[in-house]
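Student: I've got a multi-chain model open and I'd like to talk it through. Can we start with how it's put together?

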Amino acid sequence: MATKTPEQITEDLMRPMWGLSGRYVLAVAFLAGVVVAALCAFMWQVYAGLGVSGLRTPVFWGFYITDFVFWIGLSHAGTLISAILRLANATWRRPVTRCAEVITVFALSIGATFPIIHLGRPWLAFWLFPYPSERGLWPNIRSPLLWDFFAINTYLISSVTFLLLPMIPDFALIRDRANGWKQKVYGALSLGWTGTPRQWHRLETAMHIMAIAVIPVAVSVHSIVSWDFAMAPVPMWHSTIFAPYFVAGAIFSGIAALILAMALLRKFLHLEDYLLPIHFENLGKLLLVMSLLWFYFVFAERLTAWYGNETGEMPVFWTTQHGTYAGLFWLMVFCNFLIPVPILAIKKFRTILGTALASFTVVIGMWLERFLIIVPSLSHKYLTYSWGTYRPTWVEITITAGTFCAMALLYMIFSKVVPLISIWELKAGLHAAPHTPRVVVEPSEAGAD
Amino acid sequence: MATPYAIYGLFPTPETAERGFNALDRAGVSPSRIIVMASEPFDEYAFSKMDHATPMPYIAALGGIVGGVGGFFLARLTQEAYPIITGGMPLLAAWPTGIVTYELTMLGAVITTIVTLLVTTKLPNWKSKLYDHEVSHGKILIGVIEPSSAMRAEIENRLRGAGAVKVKITGGQS
Amino acid sequence: MAHQWGMVIDLDRCTGCEACVVACHAENNISTVGEDQARRSRAKHWIRVERYYEGEFPDVQVKFMPVLCQQCDAAPCEPVCPTFASYHTSEGLNGQIYNRCIGTRYCANACPYVVRYFNFFNPVWDKPLNLQLNPDVSVREVGVMEKCTFCVQRIKAGEIKAEAEKRELKDGEIQPACVQSCAPRAMVFGDLNDPESEVSRLANSGRATKLLAELGTRPKVTYLQRDAWHGHENA
Amino acid sequence: MERRDFLKISAIAGATAALEGCGNPDHQLIRFVPEEDLLPGIATWKPSICTQCPAGCGMMVRVMQGEAEVIRKGQLGLLKMGLAKKLEGNPAHPISQGKLCPRGQAGLQVTYHPDRIKNPLVREGARGSGQFKEIGWDDAIKQLASQLSTLHTSNPPGGLAFVTGPLRGQRKTILDAFTTSFQGSYAVGAAFLDDSVARAANGASFGHAAPGTVDLANSNYVLSFGADFLGTWNSPVAQNVGFGHMRKGRPGMRGKFVQFEPRISQTGASADEFVAVQPGAEGVLALAIAHVVIAEKRKPLASAGHAGSLIDGWAQGLPDYAPEKVAAQTGVKAETIARIAREAASHDPAVAIIGDSATAQTNGYFNALAVNALNALLGSVGKPGGILFGAGLNAQASKSGPASLELFASQVSSGAAPVKVLLVYNANPIFSAPTAWGVRAALDKIPFIASFASFMDETALLADLILPDSSPLESWLDDVPPSGSAKFVMSVAPPAMAPLHDTRSAPDVLLDVAQRIGGDLAKALPWKTYDEAIQAAFAALYKEKGSKTAKDADEFWSRAKDQGGWWTDEPSATANGASGGRPIKASAAQFDGEASQYPFHFLPFASQLFYDGSLANLPWMQEAPDPLSTVMWGTWLEINPRTAQKLNIQRGDLVEVSSPHGKLQAPALIAPGVAPDVVAMPIGQGHESYTRYASGRGANPISILAPATVEGTGALAWAATRVKLSAVGRSAMILFGGSLTEASPELKHR
């Protein structure tokens with residue numbers, strides 16, 4: 001890559017934006033199809049009633065809230081990671097940050113729709129917003145759902161800007177290469193960026209502040225998501241470990257998603273020269289650490305429950321150990337620990353393929369984890385008489401599938417709109433580390449006058 | 001407004017740009033009149049050292065405080081607006097209020113940061129202005145706005161001398 | 001001093017006859033959901049008679065326990081509702097305001113007693129079964145949570161009547177449908193703030209226990225445990 | 001009147017016609033002029049009588065103004081009318097004492113049922129094809145009248161037959177008049193929950209041919225032999241009230257309740273001590289207890305009096321019934337028997353109850369006599385806390401006692417009874433009789449069948465003419481309940497609301513027919529309408545008993561109407577007038593089917609919600625979870641866990657139950673409360689035709705019962721059948737509670 005001139009870099013990284021391949025169109029069509037199907041399923045649910053889902057007494061939360069937690073968790077890929085790497089000033093971050101931040105923005109937007117999808121009366125969702133309403137009633141600040149509202153709100157705004165700010169210079173690049181309507185559009189998007197030192201300095205400072213701000217926000221978001229559960233006196237929910245447990249899990253699944261996305265981009269956008277094995281290697285190590293951390297949390301949680309041996313909690317515990325949900329539980333342990341750890345621990349497996357594979361299982365495993373946190377507890381509350389069970393219907397499955405496709409679709413469309421690797425940052429990374437002032441010899445000066 | 005009257009040279013590399021910058025400097029052009037444009041931040045070069053200092057972090061912190069105070073009162077007033085029966089417990093729930101306050105603090109900080117950025121960089125500004133597409137093709141633009149007609153020729157020479165591949169004059173009389 | 005409505009259920013009297021269940025359906029316009037929905041365990045019984053077997057035949061014991069909303073003083077369902085649909089009334093009831101409910105079902109998850117029931121579909125009454133509906137109780141639409149109200153419509157009617165007649169409410173004057181229907185008189189309803197009321201007396205008697213007391217929800221429904229027979233010695 | 005109505009209606013119709021096109025279908029309907037003026041939103045409580053089971057509870061009906069779609073003079077329209085909104089017990093009524101069981105409260109849905117027969121129907125297609133044509137009341141009544149008058153002129157003995165539910169009050173008077181005038185007969189339609197055995201036994205033992213009232217409230221020790229007295233037996237509401245009082249109503253005194261049965265019934269669930277007894281051994285067990293009491297001289301042998309003398313070997317102190325001797329036969333340990341005997345004898349007043357399966361064995365009559373003797377020995381007959389017989393009841397002892405359905409069927413089939421016209425009233429014999437009785441074949445031999453059914457049930461399907469009865473809430477009601485209270489009770493209730501549909505009260509129709517036939521029948525039934533008949537009965541009652549409050553018959557009548565009847569304390573009769581009858585030897589219960597081939601006792605039981613199946617059409621009853629199984633909208637077969645394990649049957653497996661007389665399929669419920677050699681199944685489901693809510697749901701255990709009868713009575717011995725089981729597949733059973741049962745690993749590990 002060092003062999004490439006800045007000009008080549010710009011060309012390479014912009015290439016994916018020009019032209020549409022048949023494969024691309026086909027893929028977009030398929031994904032769009034599934035998304036539309038999901039929309040129809042949701043419309044049907046709104047029309048007929050939530051009864052078309054598999055929800056029932058006493059399992060009032062199922063796939064939808066699982067998806068909610070899963071996507072919010074996934075969103076920790078980008079902003080958090082890129083922020084950490086920025087602050088740590090890890091030079092290898094440069095090609096990674098943007099694809100990471102994109103994941104955040106999309107995963108977060110998708111996740112944020114689920115609290116509305118799962119409502120019994122979604123057309124009244126706006127009652128959750130704090131505004132002086134004709135009902136003379138503000139929302140209940142005591143409800144963790146309100147905390148969610150504020151946290152996700154803040155997180156979404158910060159991560160969107162966190163993604164957009166460093167794009168402005170690249171928009172300018174595109175503006176100067178494009179013509180016709182594209183030129184106009186990108187002209188507008190670039191806000192008239194010219195690239196004066198003042199603009200560069202301010203941008204960098206802003207990014208620095210954002211990076212500092214966004215990390216605690218991300219942490220708070222997933223803590224609050226965990227409190228949606230931990231605040232309720234439900235067996236195995238009412239636990240202090242939940243917040244860190246969820247945050248760790250979120251970062252875990254986030255990194256996995258990032259690796260997966262990068263592997264795919266590398267393949268389909270031919271970014272072999274920019275997304276290098278070293279990136280997967282490093283992220284792989286990070287994933288390994290998180291996998292171990294995740295297992296540590298699960299172990300701690302299970303151990304405390306088992307040792308505590310509370311009559312209320314044990315049925316939930318046992319149903320996940322060798323009861324109704326044992327199969328899913330052990331599958332989760334496989335996906336999140338037994339498979340990824342060896343792959344990531346052994347150097348010669350820590351290849352691009354290897355890390356991608358591990359990440360894939362982790363993504364599945366983490367979805368299962370969220371499901372296993374929610375459903376077994378709800379179906380085994382204190383009074384054995386009212387125990388129940390839960391099976392999703394086609395509606396929930398379609399909507400869930402739809403969101404995965406929506407993620408892919410948004411990503412593909414985005415890849416046509418913006419270079420998925422920050423061009424200027426990459427270029428800036430080329431020349432030697434900053435703050436080593438250069439002395440430029442000026443022969444012409446010598447012979448002046 | 002039309003493009004301002006200016007002379008500038010386009011330099012192929014940061015090194016040449018640096019020379020051009022120093023040359024203008026030596027020619028006694030006041031730094032405030034010198035303009036620099038590049039498609040990447042050349043932090044390590046003198047020509048991009050200008051306008052470095054900024055109070056942005058402090059403004060952001062201030063914004064955070066404002067947001068926090070706003071958050072606290074939002075949480076507080078909404079609870080007082082509909083006083084529920086708490087069975088002897090305080091009407092204001094401390095922890096939730098804290099959470100809302102925290103989130104809005106961060107939001108305040110983020111938003112002020114963005115605003116400050118836009119204001120201090122005079123963005124967005126779509127009006128036609130001094131700019132050259134060559135910049136985004138890797139060239140570095142070094143020039144002078146509103147040079148006195150006396151200086152004009154000398155500036156041109158110095159820019160060329162420093163290694164500008166092209167020297168242009170825009171706007172105004174020529 | 002405001003009333004604090006409470007109930008006592010004597011498990012030594014309860015015979016599990018289900019009269020309370022049907023009385024509740026009739027009084028509160030609870031729709032029957034039909035076979036298919038019942039199979040999906042969406043049947044709505046604001047009060048249910050829980051049955052627990054103990055031991056092996058022939059030494060089997062069966063215990064009945066009617067479970068309805070416990071009208072907790074520290075109700076887990078209330079703080080979690082983002083729209084104040086479930087909230088605490090001045091008379092100590094866990095109110096449920098159907099119009100405010102947007103159907104997050106958070107309250108139902110938080111409730112350890114599983115006594116909140118959700119309208120997964122709009123209720124239907126095959127004509128002319130709709131004529132049986134009680135005009136004093138609103139019908140709940142799809143997407144809304146519903147639960148036992150201690151027959152608040154009867155409480156209000158009683159209070160209004162007493163006020164109109166310029167007198168205090170008499171103990172036992174107000175009876176929710178379930179209490180009214182209970183033939184062995186296992187259920188007693190009344191004001192816990194009135195130390196003289198039968199419900200207060202029983203709630204402080206020896207066999208009094210609270211359901212899942214360890215959760216600290218402070219229920220206003222008290223269960224009197226099943227008693228043992230103590231004959232006299234000369235047996 | 002007609003004309004004025006017409007004018008008003010047309011005027012309003014015109015007005016509404018002007019309002020039409022608003023899309024709301026209600027606007028297409030004309031509005032009738034309200035017949036009653038009610039304040040909207042104001043509830044009035046009217047007395048009525050519960051007819052969901054024969055207990056005869058008095059109830060109050062909450063009536064409020066509402067708007068109903070009704071047909072008046074063949075015209076569909078909207079009518080502002082009083083509508084029944086809720087049923088509660090009548091606090092003044094001695095039996096219900098302000099309470100009402102779940103079945104009673106669901107009576108509301110009988111009136112508002114969507115599948116009610118809304119107007120008279122005459123058969124069009126082949127019998128049983130279900131093809132009927134709507135006709136007007138005049139034609140309908142003409143048809144019935146002509147059928148009957150032709151029969152009346154020829155009048156062959158037994159040409160007219162009724163199949164009815166339990167009959168009391170003036171309804172009975174009317175039917176008696178018909179049967180005497182036609183030399184006809186009638187049979188009880190319900191083979192199940194028929195108390196004829198108890199009546200016969202009480203008649204023999206105490207001289208009171210009545211079920212008797214158990215004074216639980218004052219009892220100190222209750223021995224119940226199979227009687228589901230808190231569920232469906234006798235007068236459940238009264239007994240529940242009494243039970244609550246026995247348990248906790250008397251400070252410092254809590255009665256003990258021991259239940260002897262092969263399967264824990266809902267009543268057994270509330271027992272202090274449940275004792276598993278071999279099916280059919282209840283009588284022997286009772287006598288074993290008596291043996292101990294006598295042997296230990298806790299009660300004088302002689303105190304049993306005539307009831308004791310009916311038991312062979314009583315005078316000798318029942319030597320054959322020593323606990324050790326009968327332990328094996330009864331399946332109860334000798335020491336348990338002895339302990340219970342001592343407890344019972346030392347805790348006066350103690351009372352023994354027998355009912356349900358204990359009297360539905362082939363030796364049920366012996367069992368009943370044995371328990372009667374025990375009662376007499378314990379000195380509880382006619383005493384507070386014991387078993388009481390109201391004296392006034394003998395007045396109701398029927399002249400022509402009802403024949404058993406089996407006898408009726410066999411006589412019709414054999415031609416011994418040349419029935420030309422059959423009237424079915426309040427009964428569904430096809431459903432409630434074992435297939436082996438051949439009721440279906442018998443009905444096919446009858447040329448003309450008229451039914452008063454409100455719903456198209458299995459029997460109504462076979463009718464040639466259906467004259468739909470108004471619902472109880474829409475009719476005049478009267479009743480003289482035989483038990484449930486020590487008082488003499490005669491209930492009366494005016495209609496709580498106007499009829500919703502074009503229906504008429506059956507007794508009114510019969511009176512009308514009687515007038516049309518004329519002759520002695522018309523003389524015997526001089527009343528135009530049923531309320532006149534009831535008023536006459538109350539006038540007679542006033543003459544007979546007088547009244548402290550009412551100054552004349554009219555005031556007596558109006559007071560009775562207002563409070564739902566009239567009741568007075570009777571000196572509760574003790575055992576008297578009973579004489580004759582030879583001492584009866586213990587007879588072992590006979591079971592149909594070889595034990596080797598059919599290893600399990602088949603124990604059908606009355607469902608707490610469907611009673612004998614007649615309430616399966618009510619959605620409230622279908623969706624209310626059964627107290628023990630928590631099953632909704634279906635049926636089940638109770639199997640002991642160990643048995644199920646042996647047969648490798650899981651919960652929810654579809655099990656085929658075959659008796660020598662047929663087979664059925666039902667989902668298995670692993671129930672800890674049933675004996676290993678017994679399988680139990682509720683009655684109520686398995687209707688071929690009984691409205692949208694019950695048709696084709698589950699299976700009917702009665703259908704496979706053996707045609708065994710209780711020795712000494714014609715009653716069906718419905719607990720005397722043996723069956724074999726085989727799992728034939730899976731099936732969906734809807735459980736409301738414990739949807740994960742004790743079998744789940746979650747509980748194993750607790």
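This is a predicted model: local features need pLDDT of at least 70, side-chain atom pairs count only at pLDDT 80 or more; totals for chains, interfaces and linings use all residues.

Student: Okay, which domains is chain D divided into?

Tutor: Chain D is split into domain 1 (2-111), domain 2 (121-188 + 397-485 + 488-568), domain 3 (214-389) and domain 4 (600-748).

Student: And how far apart are the centres of domain 2 and domain 3 of chain D?

Tutor: Their C-alpha centres are 38 Å apart.

Student: What about chain B, which domains does that one have?

Tutor: Chain B has domain 1 (6-53 + 129-170) and domain 2 (56-120). The C-alpha centres of those two domains of chain B lie 46 Å apart.

Student: Switching to interfaces. Which pair of chains has the most contacts?

Tutor: Chains C and D, out of five pairs of chains that touch. That contact involves 50 residues from chain C and 62 residues from chain D.

Student: Which elements of chain C supply residues to that side?

Tutor: Helix H1 (19-28), helix H2 (34-39), strand E2 (48-54), strand E3 (61-67) and helix H5 (177-181) of chain C each give at least two residues. H1(C) has the largest share of the side of chain C that touches chain D, with seven residues.

Student: How does that side of chain C divide by class?

Tutor: The side of chain C that touches chain D has 24 nonpolar, 11 polar and 15 charged residues.

Student: How many residues make up the contact of chain B with chain C?

Tutor: Four residues of chain B meet five residues of chain C. On the chain B side, three are nonpolar, one is polar and none is charged.

Student: And where do chain B and chain D stand relative to each other?

Tutor: No contact joins chain B and chain D; their closest C-alpha atoms are 32 Å apart.

Student: Let's zoom in on B:Thr97. Where does that residue sit, and is it buried or exposed?

Tutor: B:Thr97 is in helix H3 (residues 94-120) of chain B. B:Thr97 is buried, because 20 other C-beta atoms lie within 10 Å, and 20 or more is what the buried class asks for.

Student: What is B:Thr97 in contact with, leaving aside neighbours within four places in sequence?

Tutor: The contacts of B:Thr97 are A:Ile141, B:Phe72, B:Ala75, B:Arg76 and B:Leu92. For B:Pro41, by contrast, the figures are 56 residues away from B:Thr97 in sequence and 43 Å in space, C-alpha to C-alpha.

Student: What box do the C-alpha atoms of chain A fill?

Tutor: Roughly 100 × 55 × 45 Å, taken along the principal axes. Of the 449 residues of chain A, 55% count as buried. Among its contacts between residues at least 6 apart in sequence, 81% join residues at least 24 apart.

Student: Back to chain D. What is the strand order in the open sheet of seven strands?

Tutor: The order is E6-E5-E17-E16-E15-E7-E8 (chain D), with mixed pairing. Strand E6 (132-134) and strand E8 (185-188) of chain D are the edge strands, each pairing on one side only.

Student: How do E16 and E17 of chain D run?

Tutor: Strand E16 (residues 448-451) and strand E17 (residues 465-466) of chain D run parallel, joined by two bridges. D:Ala450 stands opposite D:Leu465 in E17(D).

Student: Last topic: which residues of H12(D) are buried?

Tutor: They are D:Ile337, D:Ala338, D:Ile340, D:Ala341, D:Glu343, D:Ala344 and D:Ala345. These buried residues pack against several elements of chain D, including strand E10 (221-225), helix H9 (282-295) and helix H13 (364-378).

Student: Why does D:Ala370 count as buried?

Tutor: D:Ala370 counts as buried because it has 34 C-beta neighbours inside 10 Å. D:Ala370 is in helix H13 of chain D, and apart from neighbours within four places in sequence it is in contact with D:Gly283, D:Ala286, D:Leu287 and D:Ile311.

Notes:
Residues are numbered from 1 along each chain as its sequence is written. Chains are lettered from A and ligands numbered from 1 in the order in which they are written. Two residues are in contact if their C-beta atoms, placed from the backbone, lie within 7 Å. Ala, Val, Leu, Ile, Met, Phe, Trp, Tyr, Cys and Pro count as nonpolar, Asp, Glu, Lys and Arg as charged, and the others, Gly among them, as polar. Domain bounds come from an automatic or database domain assignment. Two strands pair if DSSP finds at least two bridges between them. Helices (H or I, at least four residues) and strands (E, at least two) are DSSP runs, numbered from the N terminus. A residue is buried if 20 or more other C-beta atoms lie within 10 Å of its own, exposed if 12 or fewer, and partly exposed in between; C-beta atoms are placed from the backbone.
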